[in-house]
Amino acid sequence: MNESHASDYTIRYAALPFLYWGAFCAIVSYCSFYLLSIGLSNAVIGVIIACSGVVSVLFQPMVAGYADRTESISLKYIILIVIVLQILGFAMLFLLHDSPAVVSGIIYGCEICLHQINTPLINALGTETLNQGRKLNYGAARAFGSIGYALIAYILGMITVRRPSSSVLLAAIILLLLLALCTLLFPFEKVRNSANFTSQKAVTGLEFFRSYTRFTGVLVGCIGIYIGHVLINNFTLQIVQSKGGSTAQMGTAQAIASIFELPVMFCFGYMLKKYHAKTWMKISGIFFSLKIIATYLAPDMTVFYGIQFFQLFGWALISVASVFYINSVMRDADKIKGQAYFTMTYTLGTVVGSLIGGALLDAFSASAMLVFGSIVSTVGTVIILIFA
């Protein structure tokens with residue numbers, strides 16, 4: 001691979017999180033909108049999201065473990081394979097729109113699963129580029145993920161007021177096609193003769209958790225804060241409706257939250273010089289809990305818009321701090337697995353949050369769901385403060 005300027009690598013990599021998180025918005029954040037429109041209940045939607053999470057939890061470490069091997073294909077080609085499978089699935093949903101609701105729900109669940117599998121791989125593609133000595137501003141590149149999410153959230157918020165739910169499927173297909181193209185063009189080659197890789201023995205399964213005990217504690221805490229985060233993200237429509245809002249206002253709130261993420265991401269390189277990534281991990285845990293508590297207390301949409309400020313040091317901070325934190329505490333032979341295990345905490349949070357959130361919505365209300373999320377998130381924050 002030829003050496004390139006810092007801006008070249010940053011811009012080329014920035015296209016990946018921009019499109020990936022834009023697609024995440026369409027696929028995951030508008031999941032409830034699409035599945036409700038085809039006749040599924042909140043509880044069934046929760047089960048579908050949870051099942052997709054369970055499957056991805058099984059596959060994430062397997063795929064990451066394969067990617068860590070010196071004999072595996074290049075990381076970017078693994079990402080491409082997953083994207084192609086997603087495109088085929090969404091094309092099937094788009095063309096077979098008259099299929100039974102349960103069948104469509106199962107296919108959609110597979111799509112969520114595949115997208116979650118790619119999360120640690122795309123993060124690892126950026127850190128592996130850095131580890132190879134290439135110049136890349138990861139924080140700035142990751143900020144484009146928030147820009148992509150904000151843009152798609154706002155556009156879909158406007159479109160879904162007037163258009164059918166198939167617009168979500170079409171948006172996902174277009175974004176995934178562009179993501180596949182940009183991944184293919186990204187200048188990354190797998191290093192197969194690194195001295196670090198040849199001298200280190202990778203650890204797997206329980207051995208991994210015994211080798212990284214404090215990191216394991218952080219993982220447990222993150223499951224707690226992510227449960228609260230998932231309740232807000234996956235059931236945003238229901239929360240917004242409980243405060244008198246519409247799908248258009250849901251898109252606006254999501255766009256505002258994404259915009260608040262930008263300052264931290266663009267400035268994280270400077271922030272990392274001031275304090276270690278573990279400190280920023282602790283701060284992010286606190287803001288996750290503050291956001292869901294404030295969401296519960298918000299009386300209307302005006303206050304709900306203002307609450308999106310907590311995204312600044314919550315999701316925005318952990319999405320970049322966690323990548324550097326893992327890169328600093330893992331040996332080279334375990335770094336992609338470390339990213340995968342961290343992503344698994346979000347997936348497990350999705351499983352628990354979706355099952356319980358859907359059930360609480362059907363049985364009680366959005367407020368009851370947010371009370372549960374506030375308690376679990378606070379416990380998770382305390383655990384992170386202890387172990388990070």
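This is a predicted model: local features need pLDDT of at least 70, side-chain atom pairs count only at pLDDT 80 or more; totals for chains, interfaces and linings use all residues.

**Rings, helices and a buried glutamine**

I began with F309, which is partly exposed, with a relative accessible area of 36%.

Next I looked for the ring partner of F309. I found F260, and the two form an edge-to-face aromatic pair, with 5.8 Å from centre to centre and 85° between the planes. F260 sits in helix 12 (residues 247-274), while F309 is in the loop between helix 14 (301-307) and helix 15 (315-329). The pair thus links distant parts of the chain, 49 residues apart.

I stayed with helix 12 for one more residue, Q254. Is Q254 buried or exposed? Its relative accessibility is 6%, so I noted Q254 as buried. Leaving aside neighbours within four places in sequence, I listed the contacts of Q254 as S29, Y30, Y149, A153 and T236.

Then I turned back to the rings. How many aromatic pairs does the count come to? I wrote down 28. One of them joins Y226 and F288, whose ring centres are 5.9 Å apart with planes at 90°, so I marked this pair as edge-to-face. Y226 belongs to helix 10 (residues 213-234) and F288 to helix 13, so the pair ties together parts that are 62 residues apart in sequence. Both residues came out as buried: Y226 has 3% relative accessibility, and F288 has 6%.

Helix 13 (residues 277-297) packs with helix 17 (residues 366-387) at an angle of about 165°, and their axes are 9 Å apart. Angles over 145 degrees count as roughly antiparallel, so that is how I describe the two helices. Their crossing is left-handed. From helix 13, the residues making the contact include M281, G285, F288, I292 and Y296. From helix 17, they include L370, G373, S377, T381 and L385. Sorting the contact by class, I noted 10 nonpolar, nine polar and one charged residues.

Methods
Residues are numbered from 1 along each chain as its sequence is written. Side-chain values use heavy atoms; hydrogens and water are left out. Axes are lines fitted to C-alpha atoms, for helices over the stretch in contact, and angles run from 0 to 180 degrees between N-to-C directions. Helices (H or I, at least four residues) and strands (E, at least two) are DSSP runs, numbered from the N terminus. Angles under 35 degrees count as roughly parallel, over 145 as roughly antiparallel, 65 to 115 as roughly perpendicular and the rest as oblique. A crossing is left-handed if the near helix is turned anticlockwise from the far one by less than a right angle, and right-handed if clockwise. Contact means heavy atoms within 4.5 Å. Ala, Val, Leu, Ile, Met, Phe, Trp, Tyr, Cys and Pro count as nonpolar, Asp, Glu, Lys and Arg as charged, and the others, Gly among them, as polar. Rings of Phe, Tyr and Trp (its six-membered ring) pair if their centres lie within 6.5 Å; planes under 30 degrees apart count as stacked, over 60 as edge-to-face and the rest as tilted. Buried means under 20% relative accessible area, exposed over 50%, partly exposed in between (1.4 Å probe, protein chains only).
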